[in-house]
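Please consult the sequence and the structure alongside the text.

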Amino acid sequence: MSENFKTKTMGNLKLKGKDILKIGYPNNQSVNIALEVMKRNFATKNIHHVKSLLKEILQNPEQFEKDLTFGQIAEALLSSKKTEKRMLNANRTSFQIFGNNISDEAKNQLYTALKLPISTQGALMPDAHSGYGLPIGGVLAVENAVIPYGVGMDIGCRMSLSILDTPISYLDGARDKYEKALAEHTKFGMYETHKSHVDHEIFDRDTFDMIPILRRLKGKAIKQMGSSGGGNHFVEFGEVEIKEEDEQIGLPKGKYLGILSHSGSRGLGAEIAQYYSRVATEQCPLPKEAQNFAWLDLSTHLGLEYWTAMNLAGDYASACHDDIHRRLVKAVGGRVKARIENHHNFAWKEIHNGKEVIVHRKGATPANENELGMIPGSMTAKGFIVRGKGNPDSLNSASHGAGRAHSRGECRSLFTQNDIKKELKMKNVTLMGGNTEEAPMAYKDINEVMNAQSELVDILGTFQPRIVRMDR
């Protein structure tokens with residue numbers, strides 16, 4: 001045998017490479033893949049049952065290409081291609097940069113992405129700063145592929161704003177009540193979780209059982225439901241001001257009490273991102289400067305698997321926000337009169353220039369024509385309720401916030417807790433948790449950012465934070 005096939009121990013069952021070869025499998029990588037798939041999915045099954053499944057796939061691999069369990073085996077049987085290093089194009093595809101206060105490092109990251117052979121168009125939002133692979137605030141359209149690092153580590157990170165019918169005066173008159181609600185009913189970071197867990201419909205989805213990594217992560221997802229991440233994630237009570245009566249929002253002009261949250265798909269999304277980023281790098285070798293742009297072809301089993309997992313993580317992030325807002329409304333009273341929310345750190349199938357492409361928005365807000373969204377400032381600066389203009393130059397996108405002016409490392413040396421306290425007092429904001437890495441001064445001027453994207457969104461209202469809860 002030219003391949004070194006090792007015995008895979010699977011519960012009470014042992015399956016060897018030579019067993020698969022005897023079934024008739026070619027002496028190539030399909031044997032290793034078959035061993036791995038059966039190990040992950042049929043560890044406790046009888047060996048004769050496992051062999052009969054493998055025989056069925058071998059006889060008709062075309063029928064199993066799109067199967068989430070057996071597709072990888074079928075693909076290996078149907079393809080004899082070797083993994084070859086992809087090269088970058090000499091020239092960049094079309095792009096547009098919005099705003100001026102953007103680092104060269106962030107621009108260069110976008111420029112590298114624009115040279116990928118799958119890229120069709122790109123854009124950089126005015127809040128952009130450097131990240132891993134695609135910069136934060138980067139938007140990239142590609143053909144029939146998805147880039148895990150182009151989506152980001154916190155899949156489906158999103159903003160969610162609930163506007164209540166509670167008089168805004170309650171926020172000052174009963175401040176202790178709102179602070180207590182945030183202290184008792186929000187959880188942050190890796191270790192804080194709620195004592196009681198909701199029986200959300202998302203956990204009934206078959207998707208959790210179709211892909212091994214999702215099956216393994218389901219328990220963690222249930223445990224972390226309704227919690228928020230660390231870093232710049234937050235839950236806030238604040239003052240919503242609607243500038244003019246708007247049919248889409250459905251509220252008259254005026255001031256309202258609001259709940260604003262920012263968080264993503266927690267450990268579920270992080271582990272999905274880590275696993276498929278590694279797999280993409282193995283499947284799609286690229287030059288060193290572009291290795292974080294490794295992609296998964298959506299015509300392949302792995303591409304379909306990631307796409308399915310990504311969408312589940314996005315729906316889970318949305319469900320987490322639903323639970324956060326439900327708990328807080330129950331604690332403080334009032335009724336939700338309007339809800340405005342949007343993903344970032346995601347990929348969408350969209351039509352641009354008459355062609356279907358996959359649009360990655362890593363730290364960028366979808367701003368399709370008439371689409372509502374929420375763009376926050378900082379813990380003391382106003383955020384903005386917006387409506388997209390559907391600008392094709394930005395791939396129908398806008399910023400996802402103010403964007404960092406200083407890295408987290410710089411913040412630790414530039415700012416002190418006293419600096420933050422002065423800023424909070426001046427803006428009449430109460431902070432629970434938080435640290436110098438998320439100091440208000442760490443971020444760009446949100447007004448300058450909004451001015452730089454007047455071609456991308458219209459402003460319908462604002463959100464001024466008053467009580468902010470973050471990780472400690």
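A residue is called buried when its relative accessible area is under 20%, exposed when that area is over 50%, and partly exposed in between, with a 1.4 Å probe and protein chains only. By this criterion Phe208 is buried, as its relative accessible area is 0%. The model is predicted, so local features need pLDDT of at least 70 and side-chain atom pairs count only at pLDDT 80 or more, while totals for chains, interfaces and linings use all residues. Residues are numbered from 1 along each chain as its sequence is written, and side-chain values use heavy atoms, with hydrogens and water left out.

- Helices (H or I, at least four residues) and strands (E, at least two) are DSSP runs, numbered from the N terminus.
- Strand β5 spans residues 136-142; 7 of its 7 residues are buried, so the strand is largely enclosed by the rest of the structure.
- Two strands are taken to pair if DSSP finds at least two bridges between them.
- An antiparallel pairing over 6 bridges links β5 to strand β4 (residues 119-129), and within it Gly122 stands opposite Leu140 of β5.

**Aromatic pairs**

- Rings of Phe, Tyr and Trp (its six-membered ring) pair if their centres lie within 6.5 Å; planes under 30 degrees apart count as stacked, over 60 as edge-to-face and the rest as tilted.
- The structure holds 9 such pairs.
- The pair of Phe42 and Phe70 is stacked, because the ring centres are 5.7 Å apart and the planes lie at 0 degrees.
- Phe42 belongs to the loop between α2 (29-41) and α3 (47-59), and Phe70 to the loop between α3 and α4 (71-78), so the pair ties together parts that are 28 residues apart in sequence.
- Both Phe42 and Phe70 are buried.
- Phe203 and Phe208 form a tilted pair, with 6.1 Å centre to centre and 35 degrees between the planes; Phe203 is buried, at a relative accessible area of 6%.
- One aromatic cluster consists of Phe42, Phe64 and Phe70.

**Charges over rings**

- A charge sits over a ring if NZ of Lys or CZ of Arg is within 6 Å of the ring centre and within 35 degrees of the ring normal.
- Arg361 places its charged end over the ring of Trp348, 4.9 Å from the centre.
- Arg404 lies over the face of Tyr443, at 5.2 Å from the ring centre.
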